[in-house]
Amino acid sequence: MAVDRRGYHQSLVDELAKSLAGNTKPIRIKKRSVSNLFRYDGRQSAATRLIDLGDFNQPLFLDTKQGTLEVQGLTTFEAIVDFVLPHGFTPVVTPELKHITIGGATVGIGIETNSFKYGFVHDSLLEAQVLLPDGRVVVANESNEHADLFAALANSYGTLGYILKAKIKLLPAKPYVQITTAAFTNTKDLVEAMGAAAKDPNTDYIESLLYSPSKLFLSVGTKCDTAPKLTSIYGQTVFYRRISQPGTLWLTTKDYLFRYDPEWFWAIPETPAYRVFRALSPRRFRNSAFYTRYLAWQAARNPQPEPEHLEKLIQDWEVPWQHSQALLDFALKNLRLDEKPLLAAPTKTLHKNTLYPMPPNQLYMNLGSYSFVERKPNDPPYHYTKIMDDFCFSHDGIKMLYSSSFLDENTFNTIYGGSQYKKIKAKYDPHNLAPTLYQKAVQAK
């Protein structure tokens, strides 16, 4: 008999709505999963009422005939994959870190190496049950009376409400993924190869690792039914190093989806002590959530300033495809990454998004940095984030807001649909019980 937890979910919703009836205080949610926001200086909320949504963390109902899943908003992608993969499905778009939640990736911007085909995480959303800041619960889809909220959920970061339940589309899965990597020595050839791969109907996944103007790697993935030899993403394997060389390898589908999670992309040091850690630690410790909690504990126990010669650069930018090579060239010319790569992938959105206004079905280049860059002695604070942002915005681009931004409010509202947001905010949060998107994404504590 199919698992069906929808009745259980509704009982939680009824209890929550009762407890929040007539709420007049700013709210903030408490959850069990880690945060995947990376503000450089941290942020503090003015919220005065903490709402525990920790129990909203399970898949609810899989419809194998329709290829859809109903799932609670704070469910991690690992839990979703574990629920649907045995039935031959995956989420349409699965972020690489296991403990990102479906609600977080929807109201944020979730991307993956198949986004050139399927868009962002929110492009697979069919319906959302949303807790509004005043305690009301509404159901939004693209054609009902809350269609304006549905179109504005992506990139709203909880400022319009929190997703309690999502109904999402799924993709048919195969057991394995074959990854073939080729090396390139210039960005022109790399971008042309990426564009050709994106047009090939047999391509399922595309990503590139960029180390220098002449050290570039393109990895193309295809789903497959058999694998002559499997590579594990655990043990001594450092995945980004493994695909930073030409050749072919095979992963299980789950390992592919979360291939960067054991190393938190490339944040885990490649030192003798960590080689022992890789060899001996249980898998429950080989994930990004464990590292996030460990670093927070370490920082609280022994605060250390960041080295003066390094600047944190954790960001994702997107520019229209015609500016792809210029973006890569600018980044490789200006960023010194201490032997760590940038990650590039083609992407697009499938729908019109109010707060992340990219034209539907137009190919963009996404460029991600998940590391530190070397600073020059006279560089002003956050210099490299600012010059990359300026380049992106001056080339008709946009960037994700999970990390720090330094825009003035008028410029921010021009880029991120501010006039429409103001109307929607007034409708769904008339008492200003949640911060605005600008306050959430830009303003310091």
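The radius of gyration used here is taken over C-alpha atoms, and the globule rule is 2.2 Å times the number of residues to the power 0.38. The model on screen is predicted.

**Whole chain**

Select the protein chain first. For its 445 residues, the rule puts a compact globule near 22 Å, and the chain has 21 Å, so the two agree. Along the principal axes, the C-alpha atoms fill a box of roughly 60 × 60 × 45 Å. Switch to a cartoon view to show the 15 helices and 16 strands.

Next, colour by burial. Of the 445 residues, 53% count as buried. A surface view shows an accessible area of about 19700 Å², with 53% of that area belonging to carbon and sulfur atoms. Among the contacts in the chain with a separation of 6 or more, 73% are between residues 24 or more positions apart.

**Helix H6**

Select residues 187-199, which form helix H6. H6 has 13 residues and spans 18 Å from its first C-alpha to its last, close to the 18 Å expected at 1.5 Å a residue.

Then go to the N-terminal end of H6 and select Asn186, which caps it. A side-chain oxygen of Asn186 lies 3.3 Å from the backbone nitrogen of Lys188.

Most residues other than glycine have a negative phi. The last two stops depart from this pattern.

Select Phe265, in the loop between helix H8 (253-257) and helix H9 (272-280). Phe265 is not a glycine, yet its phi is positive, at about 60 degrees. Is Phe265 buried or exposed? Its relative accessible area is 10%, and the cut-off for buried is under 20%, so Phe265 is buried.

Finish at Tyr382, in the loop between E15 and helix H12 (383-394). Tyr382 also has a positive phi of about 60 degrees without being a glycine. With 23% relative accessibility, Tyr382 counts as partly exposed.

Definitions and conventions:
Residues numbered from 1 in each chain as written. Predicted model: local features only at pLDDT ≥ 70, side-chain atom pairs only at ≥ 80, totals over all residues. Heavy atoms only, no water. Helix = DSSP H or I, 4+ residues; strand = E, 2+ residues; numbered from the N terminus. Expected span 1.5 Å × (residues − 1). Polar contact = N/O pair within 3.5 Å; in protein donor to acceptor, adjacent residues only side chain to side chain. Buried < 20%, exposed > 50% of the residue type's maximum accessible area, 1.4 Å probe, protein only. Contact = heavy atoms within 4.5 Å. Areas by Shrake-Rupley, 256 points an atom, 1.4 Å probe, with all protein chains shown as cover.
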